[in-house]
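Okay, thanks for making time, everyone.

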Amino acid sequence: MFKHENQGWLTNFVCILQKMGDCRSTDRERQRQLVEEATRPIVQVTSHPVQDAALERAKATFCSDNLSVYLNGGVECLERRKQLIDILSKQPWGDKKNRYFLSREEEHVAGLRGAVGIWKMMKEHNLSIQDAAEMRQLLFLPGGFELHIGMFIPTILSQGTREQQDQWMPLCMDLRLIGTYAQTELGHGTFLRGLETVAVYDPETRSFIIHSPTLTATKWWPGGLGRTCTHAILMARLITKGKDYGPHAFVVQLRDLETHNALPGVEVGDIGPKMGYHGVDNGFLRFDHVKVPRDAMLMRYSSITEDGTYVPPPPRNSKASYGTMVYVRATIVRDAGDFLGRAATIAVRYTAIRRQSSPDASRRELQILDYENVYETLMPIVAASFALRFMGKNIMSMYNAFVKAKENDDFSTLPELHALSSGLKAFCTDAASFGIEECRRTCGGQGYSVLSGLPTIYTSYVQNVTWEGDNNVMYLQMARYLMKMKAGVTKEKTMSMYSKQHVIRPSQARVPADWTQTDNIAQALKNACAHAAQICISRISPHAQAQPVFEGDLWNSSTMDLINLAKSHCRLVTYMAFLEEISHACSDRAVQQESIHVLRELCSLFGLVCLKESGAALLECGHITGDQHAMIRHQFKVGCRSLRKNAIALVDSFGYEDYILNSAIGRKDGNVYETLLETAKRSPFNATEQGPGWNPVKMRSALRQSALRSVFSLIRMMAKSIDHFQHELANIRMGRATPGMLDHLKVDAYGEKLPMKAVGTVSVKSPQLLAVTVFDSGLVDSVASCIASSPLELNPRVDGQEILVPIPSPTHETLEAMKKLCKGEAENAKVSIRQARKQAMSACGKEITCKDTKFSIEKQIQKLTDDFVIQVEDLLKRKQGDIESHNS
């Protein structure tokens, strides 16, 4: 019977649950419909970013794939890049998904794993050097191997003898040693002659003594020096037979190849965190009389004999040691367009799908890229990306031509190449750094997020404006060469505007469209150079007929004009390189006419940007008028507006796969918002619901401490209540006069109830007599009446302003009154304790959001309250016991 009834009850219970579930389901459906109806106007005007990206590509007037093939060296190169990306993405160290969540130490280790991984793959899969270099660019994870590959090996190849190359190169290629390039010091960087590290030759031991004689001689900044490298190309002042021959290159071992510990006399370490390039362990280095063999000096061009005789390089290649420097600067110029192109791709793709503001609620918001301020910011950057790419390609061709000529001891082109690579290094890195930051800003808040990829591109790239020559110094090196050309000090005169016969004539441009003609732009830029050169010549010449000076006060006080000259020259050279590349493209039958046309538009826009930047000089020299300057500005706007429709296609033509950019907002398919959310969810901060700070010694402890402050305050308040209660009980004495006996009485005075202490002084005349001296004679009667009407059954008598209060032996009624008084004081104490509890609970509710913690703290507060109430009751019982014993 029971079993049957129990089954019926269970069935009924299940039915109830089902009905409750049905009600909840119905309620959810009702709410869904309510929200759907309310949000329909919002959804109707919302566009999907993937659709926006597709529509943008449909606007293009040329085939981005066709231009991409040309820019990237052919279909084979693009296909090979995709193959390499596929290989990289399958390696644990090649996975970029969590790249932005790495700590500095993790990024450093990841960079080493990537470099070693690529090196091993190159050996095991017979990959070419070009493939390995391409993979490093694709991985984009700088680490401790950067200068081993970028400067240590190239320096040995360019400045080492055949024997030295045979000695060092196998070790380099097998990674049995890792090298860096140690030139910059704490006290000196670009000024090589000022380096303080010395290499003093000792003919007795046929060795050099490497030493850091001053604190500022400490090598500072070399990449990989901190904890990775074992060797360094050390730039130190060669001193032999008491003569200083200036900086020379030495191969110096720094660490033990087995233990990796620093060798005796070598102090080496990491310089700490930087703005970017976190995976690279830039380091410091000091020497304390370290001996290295004579052949540690790279002796391809200059050498030292066993007896210490210095053999200088032949006059024709006295600057041959500049070869490595020129190569590095040329690669910096080459890479500038690549990094700027990455940033431009991200910014254009994001602003093309990001919408903001609408004329009215029924229309879709506008794409950010359609705002004039945005496309007039980004389209010139896209044009500059192309220009820098072509300039990089051009200067690498010049360098390669120099390398071939060098093999025949022909160094004739080195001075111009050195000057050009110096100025362009500054010009291109300035343009790229500024452009990358502008791209980041254009993307608004998402540009500040590391997930966009833009902060990493910027902080990893911006160091280029300083390393391998501060940009201002690089501009001045170019300006020095140009001034010598202008003054006839050097024979080279590759640009006619530096001849004394050059005449600046007014421009023949009549309408804005005339400023799209290449001849007009080129002539204007040449005139800007000529004008800047004339200003500089006049400033660095002591007087009109004197030869210019290239050192000292005149030079140092003219550096702003000299830098402006170098910038003007770089604008012209870069524009001419753009024109030259278009000429090459025109001769390539695979390049479609539509692609040629858009390249010409880009070149025109880049030229107009250069003219705007040269506007003051062109007005000053009389080449253009104010009206013509206005035409340039007008045509600039026309050019930006015309290229707007091709924005997405133009950056697509760079050929950057999503793997390369690693940007949540720069995805090619436009699926930005979903990617942002999914990437954010992978953050280590989201690994647990509580987050990394929520544990007993961190956040939880801090919150508990905050709550415990309320508990400690509660304890103090309750303790005060107990003290006050004990004090009141002590004043209730049986048959003995005490001043506190009257403290609890309230006197009617001045329209309110005042404590006895506020209206008079209570003193003890004798064990059985109290005296109250009233401050105000007008209150004597009120005080006496208050005492007489108290439960203590006292009979005061007035004596002037003093009231005498005899304390009789307590009667039964008096003792009962005392017990009642004690009970009243006990209730007052409990009220005070509960009030403290209420305040503590309120503070806990405001400060603690976690339910479990809040419950725990509230439980503690309640326990404390109960304990103090029990203490009050115990004190009351003891006092009432004393009163009853007196009564008996």
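For the cut-offs, exposed means over 50% relative accessible area, buried means under 20%, and partly exposed is in between, with a 1.4 Å probe and protein chains only. You'll find N126 in the loop between α5 (104-124) and α6 (129-139). Helices here are DSSP runs of H or I with at least four residues, strands are E runs of at least two, and both are numbered from the N terminus.

Before going on, some ground rules. This is a predicted model, where local features need pLDDT of at least 70, side-chain atom pairs count only at pLDDT 80 or more, and totals for chains, interfaces and linings use all residues. Residues are numbered from 1 along each chain as its sequence is written, and side-chain values use heavy atoms, with hydrogens and water left out.

Back to N126, then. What is its phi near? Phi of N126 is near 55°, a positive value, and the residue is not glycine. Y277 also isn't a glycine, and has a positive phi of about 55°. That one lies in the loop between β7 (266-270) and β8 (283-287). As background, most residues other than glycine have a negative phi.

Okay, zooming out. How many helices and strands does the protein have? The secondary structure comes to 28 helices and 19 strands. On overall dimensions, the radius of gyration is 43 Å, whereas a compact globule of 888 residues would have one near 29 Å. That radius is taken over C-alpha atoms, and the globule rule is 2.2 Å times the number of residues to the power 0.38. Along the principal axes, the C-alpha atoms fill a box of roughly 130 × 80 × 75 Å.

Buried residues make up 49% of the 888. Now contacts, meaning heavy atoms within 4.5 Å: among those between residues at least 6 apart in sequence, 73% join residues at least 24 apart.

How about charges? The protein has 105 positive and 97 negative ones, and their mean positions are 1 Å apart. Lys and Arg count as positive, Asp and Glu as negative, while His and the chain ends are not counted. Each charge is placed at NZ of Lys, CZ of Arg, CG of Asp or CD of Glu.

On confidence, the average pLDDT is 88, and 91% of the residues score at least 70. Over residues 1-6, though, the pLDDT is below 50, and beyond near neighbours in sequence this stretch has 0 contacts in the model. That score is the predictor's confidence in each residue, from 0 to 100. Where it is low, the predicted coordinates should not be read in detail.

I209 sits in strand β3 (residues 207-211) and counts as partly exposed because its relative accessibility is 22%. Not counting residues up to four places away in sequence, I209 touches V198, A199, V200, H289, V290 and K291.

T675 is in helix α23 (residues 672-681). Is T675 buried or exposed? It counts as buried, at 15% relative accessibility. Leaving aside neighbours within four places in sequence, T675 is in contact with A664 and R667. T675 and G778 are 103 residues apart along the chain, with their C-alpha atoms separated by 86 Å.

Last up is D65, in helix α3 (residues 64-71). At 54% relative accessibility, D65 counts as exposed.
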